[in-house]
Amino acid sequence: MDIADRYHRLLDILTGMESVVVGFSAGVDSTFLLGCSLKALGKDKVLAATALSETFPTFQSEEARSIAQSLGVDHHVFHTRELEIEGFKDNPPDRCYFCKHELYSYLVNLAEKKGYRHVIDGTNLDDEGDHRPGRRALEELGIRSPLREAGLGKGEIRLLSKQMSLPTWDKPSFACLSSRFPYGDTITPEKLRMVEAAEEFIRGLGFRQLRVRHHGDTARIEVEPADIDRLTSEGMRSAIVEKLKSLGYRYVSVDLQGYRTGSLNEVLRSGRGEEYR
């Protein structure tokens, strides 16, 4: 089955759902899913829903509002308080389960109240290869993942998004700010603000794909391997060190391996995850 077949398969799946609430973060996957839902069902049968919280940076919420408005879809914005969920702030390896269960329980209730048949999310085929405890919450709540059901991976989603003129087709991958902390490191509002401010500053210097991993008083910066030389150039390095120290970091380091999705999951793949449970 080629990409065109999988795309039409996706539209058929969505058409069969009749009406949907889309968990919408303004990322590549959820934006594509929202666009396809509108194509398959029409605006009257689709609701985009975005959760705002301390783990969701400001620029993402602004992009979600902008994209929803440009697509002309009804957009429901609500607030979640992950840090108040029992077990979440302790940051165990299944942290995402608590967050997803809270978030999608709300969306299930919202769908029932407003008369939508299904709640759907942007999980794609490539998400099966990493540690994703949030999927268990989705399964428990009956959330559908049409992109995965249609067999679409990230590369195909980007290509189809470009063909649909969606603004996120080349947007860097993003995960909530809680993913910047090693398992077992307590997540606090203060730490979240440090990470968000650090990433916002570095992003403003022209680095698109990046993470600032929080290791106590040390910031470990990940950028694309091709960007490491620019990141560590004299003027750039000095500016970054000065800014991150002003935010409260004592040490500023660069990960020479470069950016990769889920780098903090490497401790789980090494077999040492039990010490964080």
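## Aromatic pairs

Tyrosine 106 has a relative accessible area of 33% and is therefore partly exposed (buried means under 20% relative accessible area, exposed over 50%, partly exposed in between, with a 1.4 Å probe and protein chains only). The structure is a predicted model, in which local features need pLDDT of at least 70 and side-chain atom pairs count only at pLDDT 80 or more, while totals for chains, interfaces and linings use all residues. Residues are numbered from 1 along each chain as its sequence is written, and side-chain values use heavy atoms, with hydrogens and water left out.

There are 3 aromatic pairs. Rings of Phe, Tyr and Trp (its six-membered ring) pair if their centres lie within 6.5 Å; planes under 30 degrees apart count as stacked, over 60 as edge-to-face and the rest as tilted. One of the pairs joins phenylalanine 78 and tyrosine 106, which are stacked at 4.1 Å centre to centre with 15° between the planes. Phenylalanine 78 belongs to strand β3 and tyrosine 106 to helix α4 (residues 95-114), so this pair ties together parts 28 residues apart in sequence. Helices (H or I, at least four residues) and strands (E, at least two) are DSSP runs, numbered from the N terminus. Phenylalanine 78 is buried, at 5% relative accessibility.

Tyrosine 97 and phenylalanine 98 make an edge-to-face pair, 5.8 Å centre to centre and 75° between the planes. Tyrosine 97 is buried at 14% relative accessibility, whereas phenylalanine 98 is partly exposed at 23%.

## Charges over rings

The charged end of lysine 162 sits over the ring of tryptophan 169, 4.6 Å from the ring centre (the rule asks for NZ of Lys or CZ of Arg within 6 Å of the ring centre and within 35 degrees of the ring normal). Arginine 230 lies over the face of phenylalanine 207, 3.9 Å from the ring centre.

## The sheet

An open sheet is formed by 4 strands in the order β3-β2-β1-β4, with parallel pairing. Two strands pair if DSSP finds at least two bridges between them. At the edges are β3 (74-79) and β4 (118-120), each pairing on one side only.

Strand β1 (residues 20-23) and strand β2 (residues 46-52) pair in the parallel sense over 4 bridges. Valine 22 stands opposite alanine 48 in β2.

## Helix packing

Helix α4 packs against helix α5 (residues 134-141) at an angle of about 30°, with the axes 7 Å apart. Axes are lines fitted to C-alpha atoms, for helices over the stretch in contact, and angles run from 0 to 180 degrees between N-to-C directions. The angle makes α4 roughly parallel to α5 (under 35 degrees is roughly parallel, over 145 roughly antiparallel, 65 to 115 roughly perpendicular and the rest oblique).
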